[in-house]
Amino acid sequence: MRGRASFPRGLLGRFYNILEAAGTSENKTRRRMASRINTNFTLIPNQKLRRSNRQTSCYSKTLGSGFQPISTFGNFKALPLEIFQIILKYLSVKDISMLSMVSKTVSQHIINYISTSSGSKRLLLQDFHNLELPDRRQDSAILEHYRSLGLLFKRCTLLLPTKERLKYIHKILTEVSCFKFNGCAAPMQCLGLTCYGMFLQTLTAGWDELECHRVYNFLCELTNLCRKMQMAVCSKPGSARKLELRIRLFCRNVLLDHWTHRSDSAFWLTRILKPWPMVNQARLLYIIFGPISPQDGQVVWQEMIEEPTDEFSLKGLADAIKLLYDASTKEWTADDVISLVDELSVVPREWLLENNARLLMLSGNNICFSFMASKAVNGRTIELARLVVFLALLSSHEGLQCFICLNQVCEKELYCMDWTVKMMQKVCKVFSTPVERKNFLQNVANAFACVIMEMLQSIMSGDRDEDDRSFLNLFHLVHAQANFHKEVLYLTMNTPLST
């Protein structure tokens with residue numbers, strides 16, 4: 001027992017005020033009952049009671065300060081359990097959480113309170129679909145409630161083994177249908193999984209990796225998550241759209257999105273991906289982070305292979321790739337991540353090179369260079385040359401009219417043509433002989449000519465858009481080629497660009 005010193009002052013004051021009010025009511029009840037009771041019995045002298053108290057006090061002093069009384073409920077050991085639970089109704093979740101640290105007995109009484117119907121009804125808020133309040137204030141309030149509730153459960157179950165903690169918590173939370181994998185009929189309009197994720201993040205914060213492994217395995221067994229993932233990755237892309245949506249929402253809202261430290265996010269993403277072969281890892285990555293329809297939230301599989309997409313559609317994938325690449329863990333090497341990016345670029349079929357180039361730009365310099373260097377080492381110079389063309393196209397286009405947003409900070413002309421040329425120069429150094437470097441540069445020149453001819457043939461064949469987008473794309477490509485060659489000339493002449 002830690003004694004009353006463990007109480008926060010404000011909480012202790014409120015607790016005693018409630019006790020005093022409860023005691024006054026109880027004393028009145030006792031006096032009324034005493035007036036009706038027959039007092040025809042022998043009274044124990046008060047003096048003996050005082051002597052007994054003195055003996056007890058002397059005995060306690062003899063034992064010293066280390067004496068532990070039989071009850072660890074402190075001065076509230078005579079308090080009826082019903083009164084204690086009534087008092088808990090007047091305390092906030094944060095106050096109850098602090099109270100649970102007073103002693104093991106108090107913590108057990110709080111656990112019993114949580115298990116009651118009134119306690120669970122009060123603590124397990126389920127207003128996940130009320131979107132009436134403006135500025136998402138209600139979303140913030142209920143998320144904060146489940147953050148506090150996670151801390152309460154963390155403290156109450158502190159002395160239990162991890163397995164027992166998880167069983168108890170599942171027993172309590174099983175009443176909330178929106179916390180289940182398929183529990184909500186309108187998952188896109190529901191905050192249930194988000195609150196569940198906030199609860200779990202608070203509960204497991206600070207746990208070691210072994211315990212977090214057990215948590216993930218427990219969740220997989222509980223939801224049959226691995227079986228559902230297998231069904232999704234082995235099916236034809238888009239044939240199980242509702243299942244793909246459920247997997248995405250569960251993984252993002254419960255396991256990934258609430259962590260403040262990148263190492264924690266990388267740990268949970270690794271748990272999701274690592275049990276699977278590379279081809280399935282790429283499919284799962286696309287399901288969880290790929291572009292979705294704004295209408296129903298379902299994964300859009302054709303976007304990368306049919307037309308150029310924007311940064312917003314690729315940002316989730318780029319952030320996930322950077323997370324794995326930067327993870328300080330032996331589970332992911334640079335080669336692993338580059339192989340995953342290469343596999344991702346053919347999901348569900350080969351992407352447009354412009355989309356592939358945009359993903360590499362958003363993923364950062366290190367990943368972009370490593371990906372290009374891998375192609376150079378493996379002799380895939382023609383693919384590499386065409387990739388340079390589209391990096392140049394994006395650099396020129398972005399420099400003219402767009403903003404590239406990384407980590408919520410917008411920087412104009414972040415990737416200008418100078419960046420593309422220097423990246424190509426860096427890749428040239430990967431080739432071991434001058435002949436290989438010359439061959440690569442010749443392929444880059446040929447790739448520019450081939451892509452321009454492909455666009456021109458498409459226009460001449462009558463395959464034109466109503467808004468003349470084909471002409472605009474051809475203009476951007478010719479402009480990119482001119483800027484690219486200008487940067488190469490300046491670099492060759494060793495003269496910095498004046499602009």
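**View 1. Tryptophan 259 and tryptophan 268 are both buried.** Buried here means under 20% relative accessible area, with exposed being over 50% and partly exposed in between (1.4 Å probe, protein chains only). This is a predicted model, in which local features need pLDDT of at least 70, side-chain atom pairs count only at pLDDT 80 or more, and totals for chains, interfaces and linings use all residues. Residues are numbered from 1 along each chain as its sequence is written, and side-chain values use heavy atoms, leaving out hydrogens and water.

View 2. The structure holds 14 aromatic pairs. Rings of Phe, Tyr and Trp (its six-membered ring) pair if their centres lie within 6.5 Å; planes under 30 degrees apart count as stacked, over 60 as edge-to-face and the rest as tilted. Phenylalanine 153 belongs to helix 7 (residues 137-156) and phenylalanine 199 to helix 9 (residues 192-204), so the pair ties together parts that are 46 residues apart in sequence. Helices (H or I, at least four residues) are DSSP runs, as are strands (E, at least two), numbered from the N terminus. Phenylalanine 153 counts as buried at 1% relative accessibility, and phenylalanine 199 is buried at 0%.

**View 3. Tryptophan 259 and tryptophan 268 form a stacked pair.** Back to the two tryptophans: their rings sit 6.1 Å centre to centre, with 15° between the planes.

**View 4. Ring pairs link four residues into a cluster.** Look here for Phe128, Tyr146, Phe179 and Tyr196.

**View 5. Helix 11 passes helix 12 in a left-handed crossing.** Left-handed means that the near helix is turned anticlockwise from the far one by less than a right angle; clockwise would be right-handed. The contact (heavy atoms within 4.5 Å) involves Leu225, Lys228, Met229, Met231 and Ala232 of helix 11, together with Leu243, Ile247, Phe250 and Cys251 of helix 12. The axes of helix 11 (residues 225-234) and helix 12 (residues 241-256) come within 10 Å and cross at roughly 135°. Axes are lines fitted to C-alpha atoms, for helices over the stretch in contact, and angles run from 0 to 180 degrees between N-to-C directions. Helix 11 and helix 12 are therefore oblique to each other: angles under 35 degrees count as roughly parallel, over 145 as roughly antiparallel, 65 to 115 as roughly perpendicular and the rest as oblique.
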